[in-house]
Amino acid sequence: MKEKKNIAILGSTGSIGTQALDVVRANPTMFSVEVLTGNGNVDLLIKQAIEFNPNAVVVADETKYQYVKEALNPHDIKVFAGKKAIAEVVEMDSIDLVLTAIVGYAGLESTLAAINAGKQIALANKETLVVAGELVTKLAKEKGVNLYPVDSEHSAIFQCLAGEFHNPIEKIYLTASGGPFRGKDREFLSTVKKEQALKHPNWDMGAKITIDSASLMNKGLEVIEAKWLFGLKAEQIDVIVHPQSIVHSIVQFTDGSMKAQMGLPDMKLPIQYAMAYPERIKSDFPRFNFINYPQLTFEPVDTKTFRNLALAFEAMNKGGNAPCVLNAANEVAVEAFLKDKIGFLQMSDIVEQCLQTIDFIAKPSYDDYVATDKETRRKALQLLN
Ligand code: NDP
Ligand code: MG
């Protein structure tokens with residue numbers, strides 16, 4: 001019998017994390033959970049720990065340590081707290097694969113630590129590649145670590161590349177649903193509230209990525225993510241709006257042939273593909289039926305209305321620490337929008353102003369990224385007031 005894969009799930013209490021645990025629950029002979037981490041949602045973290053009996057649990061929020069420790073006292077589970085502890089537990093010998101499902105820049109340090117320790121990575125935390133793609137991919141190469149994409153578009157590209165790794169890519173098309181505000185103009189967008197932005201038509205996700213999807217920043221982050229994952233140039237990456245979210249992305253090869261990966265929108269599929277690679281696991285997920293979708297449609301993306309995508313391309317072309325600036329400014333802007341402090345369109349304004357004013361560093365070190373993130377947050381917070 002094959003040995004189980006021991007998995008560390010960073011961000012197990014989130015949307016991706018809980019769905020990853022659904023995959024483990026459905027395949028108990030294939031996976032075992034070695035580490036779980038959460039931040040504020042400690043009751044769920046405790047519940048997960050009792051069900052999956054990991055070796056260790058880390059709560060990022062140190063003020064919650066005592067509460068988690070006491071709850072897990074009767075169980076043989078180690079409990080740690082703090083950001084540093086997440087970056088330390090991923091080094092445990094017993095871990096085979098680390099699923100990085102913490103949201104935002106907060107996931108960078110632990111992802112780098114896991115790669116440094118030679119762990120295979122199922123990568124959900126796209127911000128890691130946006131902030132420090134060059135550093136992360138270089139380290140992964142040095143350590144012989146594979147980065148298996150969890151993001152549905154990148155999983156689609158990865159699946160299309162199976163058996164094609166030596167054939168050059170001419171171009172990829174990342175599909176975008178267009179989000180809840182597809183077809184709307186700037187006047188309409190100037191009035192929208194978080195409740196509207198949080199209603200994604202096809203996907204049920206964490207709050208930050210749902211806002212990013214509504215503003216198209218998510219697609220911008222994904223363009224940069226694709227550049228690093230697949231070693232592409234800007235002109236090889238195109239975005240096409242596909243409101244049904246059935247075609248998850250497309251690869252075009254140098255002979256003109258195009259391969260697409262399709263399926264109903266359900267993150268469990270790409271999560272499980274990344275966890276089980278190179279195997280495909282039999283599942284009972286609902287199947288796509290062509291007759292229910294007689295029309296799959298495609299349209300160009302409106303970057304005049306949704307400026308974030310253009311800003312992301314600009315940051316990617318500029319390179320250096322510019323994508324790190326883009327990401328940090330966006331994280332602050334999204335948080336402010338979620339707290340009703342700024343309007344929907346102001347999010348792009350903040351990102352643009354930070355890109356224009358933060359000092360450019362062409363070849364940033366890890367410390368430069370940390371400093372850029374900090375400085376950009378300071379600037380973005382200033383712009384809020
Ligand atoms: P959620 O907000 O649902 O979950 C985020 C997770 O990270 C939670 O476990 C949360 O803990 C934890 N967390 C939050 N802040 C910190 C912190 N400062 N330190 C440590 N842990 C923290 O996000 P999603 O699951 O939606 O997204 C996770 C990542 O996956 C993102 O990078 C996103 O872009 C990417 N992704 C998500 C998709 C989706 O369908 N959801 C699709 C494609 C990519 P707690 O809840 O306990 O506070
Ligand atoms: Mg995606």
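The shell around ligand 1 comprises, by class, 10 nonpolar, 11 polar and 3 charged residues. The model is a predicted one, and every distance and area given here is computed from it. In total, 24 residues surround ligand 1, and the closest are Thr-13, Ser-15, Asn-39, Gly-40 and Glu-127. Domain 1 (5-149) and domain 2 (152-265 + 286-304) each supply at least three residues to this shell.

Several backbone atoms approach oxygen atoms of the ligand. A polar backbone atom of Gly-14 is 3.2 Å from an oxygen atom of ligand 1, and for a polar backbone atom of Ile-16 the corresponding distance to an oxygen atom of the ligand is 2.9 Å. Asn-41 also takes part, with a backbone N or O atom that lies 2.9 Å from an oxygen atom of ligand 1. On its own, ligand 1 has 890 Å² of accessible area, of which the protein covers 85%. The elements that contribute two or more residues to the shell around ligand 1 are α1 (15-26) and α6 (126-143).

Asp-151 and Glu-222 are both buried.

Attention may now turn to Ser-177, in the loop between β8 (169-176) and α8 (186-189). Is this residue, Ser-177, buried or exposed? Its relative accessibility is 11%, and Ser-177 therefore counts as buried, the limit being under 20%. The side chain of Ser-177 has a polar atom 3.0 Å from the backbone nitrogen of Gly-179. A polar contact of 3.2 Å also links the side chain of Ser-177 to that of His-200.

Tyr-277 and Pro-278 are joined by a cis peptide bond, with omega about 10°. Pro-278 is located in the loop between α12 (268-276) and α13 (307-318). Asn-53, a residue other than glycine, has a positive phi near 45°; Asn-53 lies in the loop between α2 (42-52) and β3 (56-59). Leu-216 likewise is not a glycine and has a positive phi, near 70°. Because its relative accessibility is 4%, Leu-216 counts as buried.

How many of the 9 residues of α5 are buried? The number is 7, and the helix is accordingly described as mostly covered. The buried residues of α5 are Leu-108, Ser-110, Thr-111, Leu-112, Ala-113, Ala-114 and Ile-115. In an α-helix there are 3.6 residues a turn, so residues three or four places apart point the same way. After α5 comes Gly-118, with a positive phi near 80°.

Methods
Residues are numbered from 1 along each chain as its sequence is written. Chains are lettered from A and ligands numbered from 1 in the order in which they are written. Side-chain values use heavy atoms; hydrogens and water are left out. A residue is near a molecule or strand if one of its heavy atoms lies within 4 Å of it. A polar contact is a pair of N or O atoms within 3.5 Å; within protein, one must be able to donate a hydrogen and the other to accept it, and residues adjacent in sequence count only if both atoms are side-chain atoms. Accessible areas come from the Shrake-Rupley method with a 1.4 Å probe; for residues, only the protein chains shown count as cover. Helices (H or I, at least four residues) and strands (E, at least two) are DSSP runs, numbered from the N terminus. Ala, Val, Leu, Ile, Met, Phe, Trp, Tyr, Cys and Pro count as nonpolar, Asp, Glu, Lys and Arg as charged, and the others, Gly among them, as polar. Domain bounds come from an automatic or database domain assignment. Buried means under 20% relative accessible area, exposed over 50%, partly exposed in between (1.4 Å probe, protein chains only).
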